[in-house]
2 protein chains.
Amino acid sequence: MQDNYQQKTLGILGGGQLGRMVIQSAISYNIDIHILDPDANAPCKHICQAFTQGKLTDYDTVYQFGQNCDIITIEIENVNTDALEQLAKEGKKVFPQPHIIKLIQDKREQKQFYKEQGIPTADFILTDNKEAVLANADFLPAVNKLGKEGYDGRGVQVVRTAADLDKAFEAPSLMEKLVDFDKEIAVIVSRNEQGELDAFPPVECAFHPTANLVEFLFAPAQISDAISEEAIQVAKEVITKLDMIGILAVEMFVTKEGEILVNEVAPRPHNSGHHTIEANFTSQFEQHLRAVMGMPLGNSELRMPAAMVNLLGEDGFTGDALVEGMDEAMQEKGVYIHLYGKKITKPFRKMGHVTILEENVEALKAKALKVKEIIKIKA
Amino acid sequence: MQDNYQQKTLGILGGGQLGRMVIQSAISYNIDIHILDPDANAPCKHICQAFTQGKLTDYDTVYQFGQNCDIITIEIENVNTDALEQLAKEGKKVFPQPHIIKLIQDKREQKQFYKEQGIPTADFILTDNKEAVLANADFLPAVNKLGKEGYDGRGVQVVRTAADLDKAFEAPSLMEKLVDFDKEIAVIVSRNEQGELDAFPPVECAFHPTANLVEFLFAPAQISDAISEEAIQVAKEVITKLDMIGILAVEMFVTKEGEILVNEVAPRPHNSGHHTIEANFTSQFEQHLRAVMGMPLGNSELRMPAAMVNLLGEDGFTGDALVEGMDEAMQEKGVYIHLYGKKITKPFRKMGHVTILEENVEALKAKALKVKEIIKIKA
C-alpha cells in the first residue's frame, strides 16, 4: 500500500489565520495547498503553492479555483456552495460537504436541524423582521441572531427587556431563549470517509464582555466527568447526524442545572481549538487535514493542561500593527505566541493568539492573565 | 517596548529540510524569510516570501541575496563566507558569524581549535595527501576525514588496518584515532546577542551501519547525570569559546571509560534535534530563529521521552518518491511524520523523519523499531 497524500492538491476557500495554521501543519506532509481569498495580502499568501485573489461568494471564481484541486475545504463558511456542489458532482472531494456548509450558513436552518434531530438546544422562535421580534416580547430575555452572515460577534444581539427591542434585526433572524448558563464549553469532533470518529477533550471558553469573542480558553474544561462525557456524546451525535466529513467545533452551554445545550457549530478549525497545536497529541489543524484528505484520524488526547488567549487589536488603535511585550512573554516557559501575518490592526481584530502550558491549573490561570496583561497589539 | 521582529527579514542560505522546518516555526512570528538555494525545486521554495535560485558558494550571488535581508543565517555550512564577511562589515547581522562558518567548513581547523582551546577531542594527525596517510600506518585504527566539503557520510573513511589504507584521501585531510566509544551523544546549545546560553538535554544517536547517517535517536540519552552534565558543560564551552551566536549541535563520544570527546559540530539546526519539534518545550528550529533574531531564548526542557527515525530513500530505488506504510504509522498515538518536500528519492537520501513520543522508554524503543519497519520510501 502506498499512501501518497503528497500527490494530491488541497484547495482551501479562505486564506486567513485558520488556513495559515492548516498550512503550517500540512508542510510536514508535503501537501500542495492552493488558496482562494479576496484579500491580496491574505495571511496564507506567501506560504502556499498557489494563491488566487478572488471572491469566495462568486460562483465562477470558486468553480474555476476548484478545477485545479483534488480536495476542496473551507476555513470560513461564507462561500459559494452552489459552485462547491457542482465541483462535488464532477468528482472533486469537497469536505465539509456543500449542503452542510449551506445549512450552517443559516443559523435558522441550523437551529431547526437540532430540533428535528433531537439535539439539545435552547428554545427559539424564527422571526422574519424587526416587527416579528417586537411581537414576541413575552419571549424575552432572548438573543436575537441574524440568520445569515453573522460572524465573530456581528449579527448577535442580546435583548433582555422590551427596552432593548430596537436592537432587533430587520432581516430573517431567530430569537433564542437567553440561557442562564454556568459554563460555555466546546468540543471539536472529527470524522473521515472511512467512518472514524474522534473528539478532542472539552474546553472551557471565557468571552470578552463586549466584543463577543473568546478571551480566554482553558483545557480541560473544569466540569464533571459525566458532563464531559455527555458533551462529547452530543458533539459526536451532531457530526454523525450531519453525516459530515471534516472537523466540527460544537459550542455548548452547560446550564446551572447541568444540562447541555448546543449553541452553534463551525465546520472547520475553530478558535476553541488553537491550544491543540502545543497541548494535544494531534492539533485541530492536522486533524482537519487528516479528515478531509482521507488520512487516519490522529489521537487528540491532551498532553498537558493549557490556556489560550486571543490577541485582539487594542481598542483605540488602527494602523501598522506593533506587538508590545513580546520579549517578556517569550521568556516564560510554555508560552507560545502565534501571530497571524496581518500588517494592519483594528480594534478587536484577531491578530494572533497565545497558548500557555502548565501542569498546575491555578498556575495556568495566573500565567494566562499575566500574558494577557503583557502582550498588547497597538499601532 | 515594542519588539517587532516581524518587521525584519531573515535570509537563509540553503532551502532544504532544515530551512523548511525553520520556516514552519517562523510562520508563528510573521517573520519574512528569503531563501537562496541552487535547486529550483528546493523544499523551501513555495513557503518563503522570496526564493532566489543561485549558488551558495558564489560571492556575488550570496552578496546580492544578502542585500535585501536584515539578518542572514545558514542551514548548510558550504557557503561563500567572504560574501558573508562583507555583508557583516556593511552592517548586516550574520549569525553564525562568517569566521565560525569558515572554521567549521574545514575539519582540520576545527580539530586544531579544540586542541588549542583545551576542548576534549580524539587525538589526530593532519595529513596533506594519501602519501602522508600511508606514512602514518602506526596511528591505525583511525578515521580519515577530508578537511573540506565532507557531508552526510561523504568524506569520512574508517581505516582499521594497513589493508584499508588505499581508501585514504588524496587531499588535505586528518587522521583521527578511532574511538572505542560506548555511546554517541549530541547536545544542541544556543546563544544570542544578549549573551543568554541554553542547552537542550543530551540525546543518544544510533548510526546506520553503512550509510554513516543517524538511523535512530533517543532523548534523553541513557547516560548518568554526571556524564549528562559534563556533556552540557563541554557543549557550552565550545559555543562560548567560539563566541558564536545561533545554535550549535555538538556531537560527542562517550568512551567506555566515561570520558567525553567532541567529535564534530554543526552551527545550525541538526538531525540530532528533529525530535524537539514535538518533544521539547521549544524546538531547535524555533531556538535557532530566536538566537539569530535577537529574541530571548526559549525553554528547551524535554516534555516527554522521544525517539527519531530518519526516513532514508530505500536502497535500490531512484525516482518519484512513494511513501509506503504511512497510514499504518499515522494511526499510532504520538507518531509524527515529517516529509521534506523532495519529489525524487535516491538510495539513502534524507526524505523525511518520524518522531515518536512515549512515556515508557522500553515501549518507545519498540515503537521506533516498528515505525522503521512500517515506513519505506520507494519509487
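Among contacts in chain A (heavy atoms within 4.5 Å) between residues at least 6 apart in sequence, 63% link residues that are at least 24 apart. This is a predicted model, in which local features need pLDDT of at least 70 and side-chain atom pairs count only at pLDDT 80 or more, while totals for chains, interfaces and linings use all residues. Residues are numbered from 1 along each chain as its sequence is written, chains are lettered from A in the order in which they are written, and side-chain values use heavy atoms, with hydrogens and water left out.

The secondary structure of chain A consists of 11 helices and 22 strands, both being DSSP runs (helices H or I, at least four residues; strands E, at least two). Its C-alpha atoms occupy a box of roughly 60 × 50 × 45 Å along the principal axes. The radius of gyration of chain A, 20 Å, agrees with a compact globule, because 379 residues would give a value near 21 Å by the rule of 2.2 Å times the number of residues to the power 0.38, taken over C-alpha atoms. Of these 379 residues, 61% count as buried, meaning under 20% relative accessible area with a 1.4 Å probe, protein chains only.

Turning to the partner chain, 51 residues of chain B are in contact with 51 residues of chain A. Between them the two chains bury about 4700 Å², of which 48% lies on carbon and sulfur atoms; this is the accessible area (1.4 Å probe) lost on being put together, summed over both. On the chain B side, F281(B), R303(B) and M330(B) lose the most area to chain A, together 14% of what that side buries.

Terms used:
Buried means under 20% relative accessible area, exposed over 50%, partly exposed in between (1.4 Å probe, protein chains only).
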